[in-house]
Amino acid sequence: MIVVAGEALIDLVPERPGDRLGPLSPRLGGGPYNTAVALGRLGAKAAFCSRVSTDGFGEALLDGLRAAGVDTSLVQRGPEPTTLAVATVGSDGAAGYGFYASGTADRLFELPPELPSGVRALALGTCSLVLEPGASAYEALLRRESGRGVFTLLDPNIRAGLIPDAYAYRARFRSWLPYVSLLKLSEEDAAWLGGGVESWLAAGPEAVVLTRGAAGMTVWTRSGPREVSVPGERVEVVDTIGAGDTVNAALLHVVAGRGPLSASGWRAALSFAARAAALTCGERGAQPPYASALRAPTPPLP
């Protein structure tokens, strides 16, 4: 089983990109939530670990997880409201966000008991590692599960507007790296965080994947192939919401627990992730693809 831990929220997405005062459509979202749904749609055995509101939005979020076949037994519930993220979508489909997260349910996440022994991977990231007091609980979960040998993926997915002290966050990010197996981040995240691939690899991760949007993605590893790149898949972009989260899911689905990969193995894994992300970009809001939509639902890794 792969466990995804982090926030579940509602994206309010413009029905007409570029229209600042146009109608907004509510969409199920949150980086970790999208990753869990994408895993379920790809056919992976997945579970979601978070705190979700008992309000109507919270019920809809749980319905979305169950529809994707995601286990919700690790979800905590509370009467606090659901976090809202208001998206702005540019003419190129790129999305920005404003958040309404004061006093919301996902901020009050508490460290759960040890995860089941059958868990082979844990993924964390985005707002959940910023907003206290839940951020400290998610951090403790990362350290504990990494310490007992669980494969871990970290996607910082920076939302700068939610980070009150950039210097403190960057230092905290570096403190997580010894507990991370796979660090995945975008070019924008990398530029904001500073440092670089060499320093990140030296701090702990076995591999670092950098996404470049339409230009594709690259992995660097500490053992095996030093650097492998694949191009992006061509697609008519509606918006980019959820594309990076789909990359997380695709990589976890084919990489977690397999041990070091060859160059051809990494190329197959990255190409699979690029294809899945492209299909997500062709839909409005975070709509990860089902396995049946991919040319190779589970690519063989040499």
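**Helices, salt bridges and backbone features of the predicted model**

Helix H1 is followed by Gly43, whose phi is positive, near 95°. The structure is a predicted model, in which local features need pLDDT of at least 70 and side-chain atom pairs count only at pLDDT 80 or more, while totals for chains, interfaces and linings use all residues. Residues are numbered from 1 along each chain as its sequence is written, and side-chain values use heavy atoms, with hydrogens and water left out. Helices (H or I, at least four residues) and strands (E, at least two) are DSSP runs numbered from the N terminus.

H1 itself covers residues 31-42, and its 12 residues reach 16 Å from the first C-alpha to the last, close to the 16 Å expected at 1.5 Å a residue; the expected span is 1.5 Å times one less than the number of residues. Because 12 of the 12 residues of H1 are buried, this helix is largely enclosed by the rest of the structure. Here buried means under 20% relative accessible area, exposed means over 50%, and partly exposed lies in between (1.4 Å probe, protein chains only). Among the buried residues of H1 are Tyr33, Asn34 and Arg41. Thr35, also placed in H1, is buried with a relative accessible area of 3%. Leaving aside neighbours within four places in sequence, Thr35 is in contact with Val4, Asp245, Asn248, Ala249 and Leu252, contact meaning heavy atoms within 4.5 Å.

H7 is mostly covered, with 12 of its 13 residues buried. Just after this helix, Gly257 takes a positive phi of about 85°.

H7 packs with helix H8 (residues 263-281): their axes come within 8 Å and cross at roughly 145°. Axes are lines fitted to C-alpha atoms, for helices over the stretch in contact, and angles run from 0 to 180 degrees between N-to-C directions. The contact is made by Ala243, Thr246, Val247, Ala250, Leu251, His253, Val254 and Val255 of H7, together with H8 residues including Trp266, Leu270, Phe272 and Cys281.

Turning to charged pairs, side chains of opposite charge can pair when their charged atoms come close. A search of the whole structure finds 14 salt bridges, each being a side-chain nitrogen of Lys or Arg within 4 Å of a carboxyl oxygen of Asp or Glu. In one of them Lys184 pairs with Asp155, the closest N and O atoms being 3.3 Å apart. Lys184 lies in strand E11 (residues 182-186) and Asp155 in strand E10 (residues 151-155), so the pair ties together parts that are 29 residues apart in sequence. Both Lys184 and Asp155 are buried.

Glu198 forms a salt bridge with Arg226, with the closest N and O atoms 2.5 Å apart. This pair links distant parts of the chain, with Glu198 in helix H6 (residues 197-203) and Arg226 in the loop between strand E13 (217-221) and strand E14 (227-230), 28 residues apart. Arg226 counts as partly exposed, at 40% relative accessibility. A further salt bridge joins Arg275 to Glu233, the closest N and O atoms being 4.0 Å apart. Here Arg275 of helix H8 is linked to Glu233 in the loop between E14 and H7, 42 residues apart. Glu233 is partly exposed, with a relative accessible area of 26%. Salt bridges that share partners also join Glu114, Arg144, Glu145 and Arg148 into one network.

The backbone holds a few further points of interest. Most residues other than glycine have a negative phi, and most peptide bonds are trans. The peptide bond from Glu132 to Pro133, however, is cis, with omega near 5°, and Pro133 sits in the loop between strand E9 (121-125) and helix H3 (134-147). Thr126 is placed in the loop between E9 and H3, and its phi is positive, near 60°. At 5% relative accessibility, Thr126 counts as buried. Asn157 likewise has a positive phi, of about 45°, in the loop between E10 and helix H4 (166-176); at 13% relative accessibility, Asn157 counts as buried.
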